[in-house]
Each structure stands twice: as structure tokens, then as C-alpha cells.
Amino acid sequence: KAKKHENAIRVLSDQASQELETICRTNARREQDLLAQCQRYEIEHKERVDELTGASTVREMEAKSAMEVQIARAKGDFDVAAKEGEREAEMILRGAQIECDKRKFTVEEQARVRILESEAELAAAKNNADALVAVAEAENNSTKGLETKRKYELEWQRLSVLKDLASTGRRFFSGPAGQSMLREMAPGEGKGPSSG
């Protein structure tokens with residue numbers, strides 16, 4: 001009985017050892033599987049993070065590139081607008097200068113024409129004056145008694161005017177003109193024309 005009992009204990013112990021070994025092996029395999037899964041998860045997680053980081057970096061670079069393109073385009077538009085503004089200002093200034101030059105030329109031309117006209121009128125007046133002087137000198141030289149005749153005619157005209165004034169009623173003259181007229185009509189009050 002004791003041997004049977006020992007054998008039974010040995011068998012149970014062997015079975016227990018085998019089961020324990022089996023459990024240990026199973027646990028080791030499970031542990032390896034779990035470690036492998038963890039490693040795979042970590043690798044996948046790292047790949048996913050790297051992928052997301054790369055995608056984010058690409059999107060950031062694309063956004064930065066697009067922003068730089070927009071900035072460059074805006075600068076280009078600004079430069080074009082500035083150049084167009086300068087060109088338009090130059091055209092306006094050039095047009096104003098041309099208009100000013102036209103007006104200046106017109107005024108100068110009118111001034112030249114007026115100067116020529118004035119010079120022509122002056123020359124004509126001088127020629128007429130010279131002609132009148134020549135005629136007067138010719139008359140003076142040809143007829144010595146013409147001056148006396150003219151004085152006589154002027155005196156008769158003056159007396160005729162005084163006669164008409166005396167015959168048309170009362171007149172009222174004042175001031176220097178009245179005093180002069182009084183001397184003409186009353187020679188005794190002052191120096192008359194006949195006393196000369």
C-alpha cells in the first residue's frame with residue numbers, strides 16, 4: 001500500500017510538474033505574443049504618428065508655400081499698381097506740361113503779333129506825322145500870308161460865336177470858363193484878343 005501511495009504521489013507530482021511546465025510554456029508563449037503585439041502596436045503607433053506628423057508637416061509646408069505665393073503675388077500686384085500709378089502721374093504731369101507749353105506759346109505768339117501791330121501803327125503814325133510836318137513846312141514856305149489869313153478867319157468865327165451867344169438870351173457861366181467868357185465879351189475888363 002505504501003508503494004502504491006508513493007507511486008500515486010509520484011504520478012500526481014509528475015502530472016503536476018508537467019501541467020506546471022505546460023502552464024509555464026503557455027504563459028511564456030502568451031507573454032511572447034503579448035510582447036510581440038506590444039511591439040507591433042508601438043511600431044504601428046510610431047508609424048501612425050510619423051505619418052500624421054509627415055502629413056501635418058506637408059500641410060504646413062503647403063500652407064506656408066501658398067501663403068508665400070499669395071504674399072509674392074500681393075507684392076507683385078502692389079508693385080504693378082505703384083508703377084501704373086507713377087506712369088499715370090507722369091502722363092498727367094506731361095499732359096499738364098504740354099498744355100502749359102501750348103498756352104505759353106499762344107500767349108507769346110499773341111504778344112509778338114501785338115508788338116508787331118504796335119510797331120506797325122507806330123511807324124504809320126510817325127510817317128503820318130512826318131508827312132504832316134512836311135506839308136505844314138511846305139505851306140509855311142509857299143504862303144507867308146496864310147497864317148495871317150487863318151488868324152483873321154478864326155477871329156471872325158470867334159466873334160460869330162459870341163454874337164450867337166449874346167442873341168440867345170441870358171446865360172450863366174461860372175468858374176474859370178465863365179471868367180474867360182466874360183473877358184472875351186467885355187474886353188475892357190481885361191486883356192481881349194483885339195488888344196494883342
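**Figure 1. Salt bridge between Lys46 and Asp50.** In this predicted model, Lys46 pairs with Asp50 in a salt bridge whose closest N and O atoms are 3.2 Å apart. Both residues belong to helix H1, which covers residues 2-142. Four residues separate Lys46 from Asp50, about one turn of the helix. Lys46 has a relative accessible area of 53% and is therefore classed as exposed. Asp50, with a relative accessible area of 42%, is partly exposed. The pair is one of the salt bridges in the model, for which a search of the whole structure finds five.

**Figure 2. Salt bridge between Glu51 and Arg48.** The closest N and O atoms of Glu51 and Arg48 lie 3.7 Å apart, and the two residues form a salt bridge. Because they are three residues apart in helix H1, Glu51 and Arg48 are separated by about one helical turn. Arg48 counts as partly exposed, since its relative accessibility is 46%.

**Figure 3. Salt bridge between Arg103 and Glu99.** Further along helix H1, the side chains of Arg103 and Glu99 form a salt bridge with an N to O distance of 3.5 Å. The two residues are four residues apart in helix H1, about one turn of the helix. Arg103 is exposed because its relative accessibility reaches 57%, where exposed requires over 50%. Glu99, at 38% relative accessibility, counts as partly exposed.

**Figure 4. Nonpolar surface patch of Tyr152, Trp156 and Leu159.** These three residues make up a nonpolar patch on the surface of the model. Together, Tyr152, Trp156 and Leu159 have about 360 Å² of accessible area. Tyr152 is located in helix H2, which spans residues 146-167. With a relative accessibility of 53%, Tyr152 counts as exposed.

**Figure 5. Cysteine residues Cys24 and Cys100.** Cys24 has a relative accessible area of 43% and is therefore partly exposed. Cys100 is likewise partly exposed, with a relative accessible area of 45%. A search of the whole structure finds zero disulfides.

**Figure 6. Helices and accessible surface of the protein.** The protein contains three helices and zero strands, and its pattern along the sequence reads α-α-α. Of its 196 residues, 2% count as buried. The accessible surface of the protein amounts to about 17900 Å². Carbon and sulfur atoms contribute 58% of this area.

Figure 7. The mean pLDDT of the protein is 80, and 79% of the residues score at least 70. Confidence is highest in helix H1, at a mean of 86. It is lowest in helix H3, comprising residues 175-185, where the mean is 65. Over residues 189-196, pLDDT stays under 50. For this segment, the model has four contacts beyond four places in sequence. Where pLDDT is low, the predicted coordinates should not be read in detail.

Note on methods: Residues numbered from 1 in each chain as written. Heavy atoms only, no water. Patch = residues over 30% accessible without salt bridge, like charges linked within 9 Å, V, L, I, M, F, W, Y side chains within 5 Å. Areas by Shrake-Rupley, 256 points an atom, 1.4 Å probe, with all protein chains shown as cover. Salt bridge = Lys/Arg side-chain N within 4 Å of Asp/Glu carboxyl O. Buried < 20%, exposed > 50% of the residue type's maximum accessible area, 1.4 Å probe, protein only. Disulfide = S-S within 2.5 Å. pLDDT = per-residue confidence, 0-100. Contact = heavy atoms within 4.5 Å.
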